[in-house]
Amino acid sequence: MTAVPQAPSTLRRAVLLRRIRLFAAATITYNLVEAVVALWAGGVADSSALIGFGLDSVIEVASALALSWQFSAKEPEQREHRTLRIIAISFFALAAFVTADALRSLTGAGEAQHSTPGLIIAAVSLAIMPVLSWAQRRAGRELGSRTAVADSKQTLLCSYLSAVLLVGLVLNITLGWWWADAGAALVIAGIAVREGINAWRGDVCCTVPGLDTHDSDECCAPENKDITNETGPHRVLTAASTEEARNGGACCAGCGSDPNRAPVAVTLGPGPGRR
């Protein structure tokens, strides 16, 4: 049977909590600067793409503030459910803003115009945001925090939007492809809706306490193992697996607010020789 990863020690937990708070503060600070520059540049260049990017930064600040509020508590887990809902709503708001901006561009109401400050802020964000997202996601997974993982995904979406904005501005300047930015932004809006639904449901696997080397964004199947001893065949399920089975979903072994859940043995029946 594969052992369920252990929760981090008290000392390690304190380090992870401090890191997540620092990452949230960094996200808030940078996105405030990003929002001011993007909204100003968008107004000067009459660029709906840049204005939409600035509004996305405002939404990212709201998500990071919710995360900071959660981890300011002595027991952050008690605020996790409410924080996930706030992050989910911010995902939906992001998708709405980006979709409205893209549709305006496609209908000719606002095309991405040349803006040197816009190009600079998009390039800087594309360099910073993926690194910040990776660091926050790693800390969140090791701690077993679904909210930290969800917020890291929104930070990653911000980097995608940076790439979309940068490519759209460059293609518009060089080739006159004004629609490139809007088309790619609609794809990002669809991803934002999907991530918002996952955050609302709390399905942001894999957040396994004590495991910081898992870098996949895919959920893994429950850890179910069949073993046989003198009393007959047994199936060993992790407690997380049984909970997810009741809810109709699947997640990583060890997911959940309680990092110390013990395996549960369920007897399937007597062995063949005893029937």
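**Figure 1. Arginine 13 is partly exposed, with a relative accessible area of 23%.** Partly exposed lies between buried, under 20% relative accessible area, and exposed, over 50% (1.4 Å probe, protein chains only). The model is predicted: local features need pLDDT of at least 70, side-chain atom pairs count only at pLDDT 80 or more, and totals for chains, interfaces and linings use all residues. Residues are numbered from 1 along each chain as its sequence is written, and side-chain values use heavy atoms, leaving out hydrogens and water. Arginine 13 forms a salt bridge with glutamate 77; their closest N and O atoms are 2.9 Å apart. This pair links distant parts of the chain, 64 residues apart: arginine 13 sits in helix H1, glutamate 77 in the loop between H2 and H3. A salt bridge here is a side-chain nitrogen of Lys or Arg within 4 Å of a carboxyl oxygen of Asp or Glu. Helices (H or I, at least four residues) and strands (E, at least two) are DSSP runs, numbered from the N terminus. Glutamate 77 is also partly exposed, at 31% relative accessible area.

**Figure 2. Glutamate 80 pairs with arginine 146 in a salt bridge.** The closest N and O atoms are 3.0 Å apart. Glutamate 80 belongs to helix H3 and arginine 146 to helix H5, so the pair links distant parts of the chain, 66 residues apart. Glutamate 80 counts as buried, at 5% relative accessibility. Arginine 146 is partly exposed, with a relative accessible area of 26%.

**Figure 3. Glutamate 195 and lysine 153 form a salt bridge and are both buried.** Their closest N and O atoms lie 3.7 Å apart. Glutamate 195 is in helix H6 and lysine 153 in helix H5, so the pair ties together parts 42 residues apart in sequence. Arg194 joins Lys153 and Glu195 in a network of salt bridges. The structure holds five salt bridges.

**Figure 4. Phe91, Leu94, Val98, Leu161, Leu165 and Ala192 touch the most other members of the largest nonpolar core.** This core has 27 residues. Helices H1 (10-45), H2, H3, H5 (146-174) and H6 each supply at least two of its residues. H3 gives the most, with eight residues. A nonpolar core is a set of buried Ala, Val, Leu, Ile, Met, Phe, Trp, Tyr and Cys residues joined through side-chain atoms within 4.5 Å. In soluble globular proteins, nonpolar side chains tend to be buried together.

**Figure 5. Phenylalanine 91 touches Ala150, Lys153, Gln154, Leu157, Ala192, Glu195, Gly196 and Ala199.** Residues up to four places away in sequence are not counted. Contact means heavy atoms within 4.5 Å. A second, separate core of 15 residues includes Leu67, Ile121, Leu132 and Ala148. Alanine 150, in helix H5, is buried, with a relative accessible area of 1%.

**Figure 6. Leu103, Leu106, Leu175, Trp177, Trp179 and Leu186 make a nonpolar surface patch of about 550 Å².** Helix H3 (80-106) and helix H6 (179-201) each supply at least two residues of the patch. Leucine 186 lies in H6 and is partly exposed, at 32% relative accessible area. Patches are made of residues with over 30% relative accessible area and no salt bridge; like charges are joined within 9 Å, nonpolar side chains (Val, Leu, Ile, Met, Phe, Trp, Tyr) within 5 Å. Accessible areas come from the Shrake-Rupley method with a 1.4 Å probe; for residues, only the protein chains shown count as cover.

**Figure 7. Helix H2 spans residues 48-71 and is mostly covered.** Of its 24 residues, 17 are buried. H2 reaches 35 Å from its first C-alpha to its last, close to the expected 34 Å. The expected span is 1.5 Å times one less than the number of residues in the helix.

**Figure 8. The protein chain has seven helices and three strands.** Along the sequence, the pattern is α-α-α-α-α-α-β-β-α-β. Of the 275 residues, 45% count as buried. Among contacts between residues at least 6 apart in sequence, 76% join residues at least 24 apart. The accessible surface is about 13200 Å², and 61% of it belongs to carbon and sulfur atoms.
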